[in-house]
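Let's take a walk through this structure together. Have the sequence and the 3D view ready, and follow along one stop after another.

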Amino acid sequence: VLQKTTFSFDVSVWEFFLPLLAGAQLVMARPGGHQDPQYLIETIERSGITVAHFVPSMLQVFLAQDDVARCHALRHVKCSGEALPYPLQQRFLAQMPGAQLHNLYGPTEAAVDVTYWRCVSDAHPGIVPIGRPIANTRMYVLDAQLRPVPVGGVGELYIGGVQVARGYLNRPELTAERFIDSPFHEGERLYRTGDLGRWLWDGSLEYLGRNDFQVKIRGFR
C-alpha cells in the first residue's frame, strides 16, 4: 500500500492502518512525492504497489504520463476528495485494465469514507455513483423538512452511524447547525453534509454538488 497522503488529511488514516490490519507492506512516499507523478510511477513499479489513492485531479495528471503502463502491479486505485468525472473513469478503465477503480465519498466529519462504489464502465452511462453505505453507516437523502426523498429525487445528504463526529471544537453554533438529532433512530445523531444527491434505481447514490458556495481546490475546502 502506497502511503502518500499527509497525515493531516483523513485519507491517511486508512493508508496507515489498512496495511497494518491486513498484513500488507506499507510503503511511504518521500515528502512532496504525492505531487510528482513520475516519482509515483517509479515507486509503484519498484515497490510493487498494489493499492494507491488519488484525488481525481491528480489521477488525471497521473494517467497523462507516457509510461503509466509501467504500473502493472496496481490492483486497486481508490478515488475520493473530489467528484470523479465519468470521462476520467472511462480513461482509467481503458488505460489500466488490470486494476479496479473505486469511488469513495465521505466528509472529514464522518471519519474518512462512508460510501463505496466499484467503477464499471456501463453501469450508469455518464454517471459515476458514490455508491452504497459502508458497514455501520446510514445514508439519508432528505428534503428541507427532513423527510426522505423518493428514488430519483434530489435532496441533501445526511450521514448517521458510529463514525459521525461529536462536533467542531469550540464551535457550538456550527456544531448545532451541522449535527442534529435523528428523526429516524432514537439516540442517533446525523451529520448534515451540505451535499446534494439522489438515490439511483440500483440503490446507489449519485453526488450532485453543493447546496452552498463551498468549493474545493486540490482537496482543500
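Pro87 and Ala94 are exposed residues on the face of helix α4 that is turned away from its buried side. Here, exposed means over 50% relative accessible area, buried means under 20%, and partly exposed lies in between, with a 1.4 Å probe and protein chains only. Helix α4 covers residues 86-95, and its buried residues are Leu88, Gln89 and Phe92. Looking down the axis of α4, you will find these buried residues within an arc of 105°, so they line one face of the helix; the arc is that of the directions from the helix axis to the C-beta atoms. An α-helix has 3.6 residues a turn, so residues three or four places apart point the same way.

A word on the ground rules: this is a predicted model, in which local features need pLDDT of at least 70 and side-chain atom pairs count only at pLDDT 80 or more, while totals for chains, interfaces and linings use all residues. Residues are numbered from 1 along each chain as its sequence is written, and side-chain values use heavy atoms, leaving out hydrogens and water. Helices (H or I, at least four residues) and strands (E, at least two) are DSSP runs numbered from the N terminus.

What do the buried residues of α4 pack against? Their partners are α3 (56-63), β4 (76-79) and β5 (100-105), where contact means heavy atoms within 4.5 Å.

Next comes the largest nonpolar core, which has 28 residues; Leu59, Phe62 and Leu74 touch the most other members. Such a core is a set of buried Ala, Val, Leu, Ile, Met, Phe, Trp, Tyr and Cys residues joined through side-chain atoms within 4.5 Å. Two or more of its residues come from each of α2 (37-47), β3 (51-54), α3, β4 and α4. Beyond its neighbours within four places in sequence, Phe62 is in contact with Pro37, Leu40, Ile41, Ile44, Phe54, Val68 and Cys71. There is also a second, separate core of 14 residues, including Tyr105, Ala110, Val141 and Val149.

Finally, turn to two loops. Most residues other than glycine have a negative phi, and most peptide bonds are trans. Val112, though not a glycine, has a positive phi of about 70°, and sits in the loop between β5 and β6 (115-118). Asn170 is not a glycine either, and its phi is positive at about 60°; its loop runs between β9 (155-161) and α5 (172-178). Are these two residues buried or exposed? Val112 is buried, at 12% relative accessible area, whereas Asn170 is exposed, at 68%.
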